[in-house]
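Let's take a walk through a protein model together. Have the structure open and be ready to find residues as we go.

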Amino acid sequence: MKKSFAAAITAAALLSSVGIHAFAEGTFLCMRADESVAISIDENNNFEYMDMRASNGELVYPQISTDGNTYLPFRYVCEMAGLKDGADIAGALPDGYFRYWAADPSIPGDKQKIELMVNGNYYCHNIGESFQYEVSPGDVRTVSIYNIRGSLYFPMTYMAKITDSQALWHGDTGRIMYISNTLNSSDFIDETGNLRRDKELYLNFDFFCNNLGGSPLYLKSDGYTISDLSAEIEGNPKVRSVTRNGRSIYFLDNNGRVNLKIEDNAEISLLSFADEGGNAVDVIADTIISVQNKLYGVQVSAAGEKYGRLFSANHDGSGFKYLNDSQVYNLIMREFRGNLYLFYCDATTRATLHMIELKTMDDYEIEITNFAHENLLSDIKQFVIGSKLVAYISNDGQLHVIDLEDNLEEFEIIRVNNENHKIFLTGSDGESLGNITSMNYDHINEVLYVTQVDYTGRTYYYTRSGDAFTRLERSDHPITDLALFSDAYYNDYCAKTVNGRPQIDRIRYSNGIVEIIN
Amino acid sequence: MKKFIFTIIAVMLLLCTAASAENLNIAVICYHSITDNPLKYSQYCISAEEFEDDIKYFSENGYTFLKPSEMWYADPNAKNIVITSDDGYDDFYECAFPILQKYNAKAAVFMIGSKIDKHGYLKSWQLQELDRSGLVEIGNHTTIMHKRQNNVLEGYLNDETYLNEYVEDIKDCSARIYEVLGHGTESFSYPYGLYTDRLERIVRTNLGYTTTFTTNFGMVYTQDDILSPMKRIYRIHGDSPQDIEEKINSLKY
């Protein structure tokens, strides 16, 4: 079966014209329901993000029916599995082909249908007509093939069955996996059915590791090696806001220009931007974040400026557009409950946070008040957002922590008691917590880190259970920023720029206590 | 003179009693999502075909479609029906509205305030178009209370602090609807149908709502019933219009 499937794939690859993806080494797809972005691998086992599109160019989305079956966009998955469209073929369908037939109005009762010829087996189903199949012994599903607004949807496990592939759904992350049996699934997913963590790091899924704000550091795609980007560039320039899309590393130089470097390749180029009409756009940025083939950032009027306009562009700089009309700052990315969100602060009020859900691009204003509807945010210099707290430094140097309690399901409007909003003036060591200049949030362990830039270079951490800022270490040199990493084995690292040089400490979080262990 | 005044008052009271006792037999049908995506069908998410079957059937079988604001003036001799849809999904505009227009049928949409202009929900321009059509009344379904879990919401109703928050939330939704439509709304649907007498009094007396709806199963028999949270009949996926009519007839006095 495997061999014949591989033969069909190979035949399809040989026959395929430009634009048909036929993977000789098999198919790996990782998708989320209602999202148009899939992760796939190419012939060299390189992961990449792909937009899922129908033949008419429209974005298509996997869907989960209310009876629990997963449905995949038919054409997209057929083509990814190496099958070829046989629309122009008259008569019998050759092996490795699929075909759609519209209903013939001249034939009474004729219905639209699909055909597949895979491994010498012929499959034909009328659209909208239910049929049964056995996924595994005893697991009989009743499904249909649907035409939903012009896109055909095919039951995933049935597609996996007839193409001799595996279909997996991971409820915790909402990820859907489609893996041909010519691949060793453990190369891609771990024993829990999740995408393997080093693959996630490679794809820049893990924002704990790769949204480093002011840091020049990044975790290489092996999932273990931390690299100082400035050391990799001739002349050792200052770089910051490092972010990655696959093997492409983006960063900002001193002039606020977006640079692109391919991992393990010394060559660096300035990224050119063009709007959707193809017109060049001059971009000086304060922050950039790359995710799922897109680049998001804050475009400022001059290098060093903090406030600017929020933009998005494709990973190659094309398709530049502004996401709103406001002046914004402090752009961060977070993942909650399997969805990706951009957060930013409105520069006009400096007291309003916004959240953009990347799946829909809906922009929500987040209202965080007490029950008297008084805003608990004011004069924000920098904020971080966790699943259970929001913390910010005000421009007067005060350190605010707001415990969100049970408001997690409701990010747009959060109401808490006054006691949930605390301003910390001293650390647990009795020292003043003034002059806090940067903060970072470990969303895996739910630990907040803050750094003081003075001549003592203190770092403190905060947990909800401890409800105090505990001194992490004593340093003799000023720290100018602090970033957090975890590697493919979930080892945590605290990376700092100390006296202009990177210093990386391995840290361990256990029972509410953070320790430096090297 | 005194006798005359007493007589007038007595006549008025009698008239009122007679009016309130008059059997209106208004069936309020509760819909949620109405979709053309068969993968989304569920108990409370019906197909556009099912919706059309309902409206066509009611239209052809002599029912009078009313908006909530028209219930008070319902003709007791008519077969009165109110079509309501909770939450404000955008499929109401895409799938249900064209059918309402086709059959000139009236309905009400109870909008979750925080969902206006959000993915999957009605956009401002759609709400405006529905409102302008004269066929659809836009009602209040709270701004964020709907997203609280059932048990959390029940707790809110019995705690004074949270009750105030609930009331503020209704006002917030009202303001959002006003901002979109340029006018307010007097119809309110309780999320999950949950309410207390105290909340109902506040909604009616302090906030000025004239029609409120719960999800309890039943009919609106008299004008008295319009003065309290009105019961509805859930429209379940798979039911036929005849099934609904059967429920209506079984509930009628």
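What volume does the largest cavity have? It comes to about 60 Å³. Keep in mind as you look around that this is a predicted model.

Searching the whole structure turns up two cavities of 30 Å³ or more. Let's stay with the largest cavity and see what surrounds it. Its lining includes Cys30(A), Met31(A) and Arg32(A), and also Val37(A), Ala38(A) and Ile39(A). Two strands of chain A, β1 (28–32) and β2 (37–41), each supply at least two residues of that lining.

The rest of the lining is made up of Glu35(A), Tyr49(A), Arg175(A), Phe205(A) and Gln292(A). Sort the lining residues by class and you get seven nonpolar, one polar and three charged.

## A charged pair in chain A

Over all chains, the structure has 40 salt bridges.

## Where the two chains meet

Now zoom out to the place where chain B touches chain A. On each side there are 22 residues in contact with the other chain. Together the chains bury about 2000 Å², and 50% of that is on carbon and sulfur atoms. On the chain B side, the residues that lose the most area to chain A are Leu39(B), Lys118(B) and Glu165(B), which together account for 30% of what that side buries.

## What links the chains

How many salt bridges are there between chain B and chain A? The count is three. You can look for one between the side chains of Asp36(B) and Arg149(A), at 2.9 Å from N to O. There are also eight residue pairs in polar contact between chain B and chain A, counting pairs with both residues at pLDDT 80 or more.

Which helix of chain B gives the most to the side that touches chain A? That's helix α6 (residues 160–181), with five residues. By class, this side of chain B has five nonpolar, six polar and 11 charged residues.

Conventions. Residues are numbered from 1 along each chain as its sequence is written. Chains are lettered from A and ligands numbered from 1 in the order in which they are written. This is a predicted model: local features need pLDDT of at least 70, side-chain atom pairs count only at pLDDT 80 or more; totals for chains, interfaces and linings use all residues. Side-chain values use heavy atoms; hydrogens and water are left out. Contact means heavy atoms within 4.5 Å. Buried area is the accessible area (1.4 Å probe) that two parts lose on being put together, summed over both. A salt bridge is a side-chain nitrogen of Lys or Arg within 4 Å of a carboxyl oxygen of Asp or Glu. A polar contact is a pair of N or O atoms within 3.5 Å; within protein, one must be able to donate a hydrogen and the other to accept it, and residues adjacent in sequence count only if both atoms are side-chain atoms. Helices (H or I, at least four residues) and strands (E, at least two) are DSSP runs, numbered from the N terminus. Ala, Val, Leu, Ile, Met, Phe, Trp, Tyr, Cys and Pro count as nonpolar, Asp, Glu, Lys and Arg as charged, and the others, Gly among them, as polar. On a 1 Å grid over the protein atoms alone, a cavity is a set of points where a 1.4 Å probe fits but cannot get out, and a pocket is an open set with protein on both sides within 12 Å along at least five of seven lines; lining residues have an atom within 4 Å of a point. Grid points are joined across faces, edges and corners, and a volume is the space filled by probe spheres set on the points.
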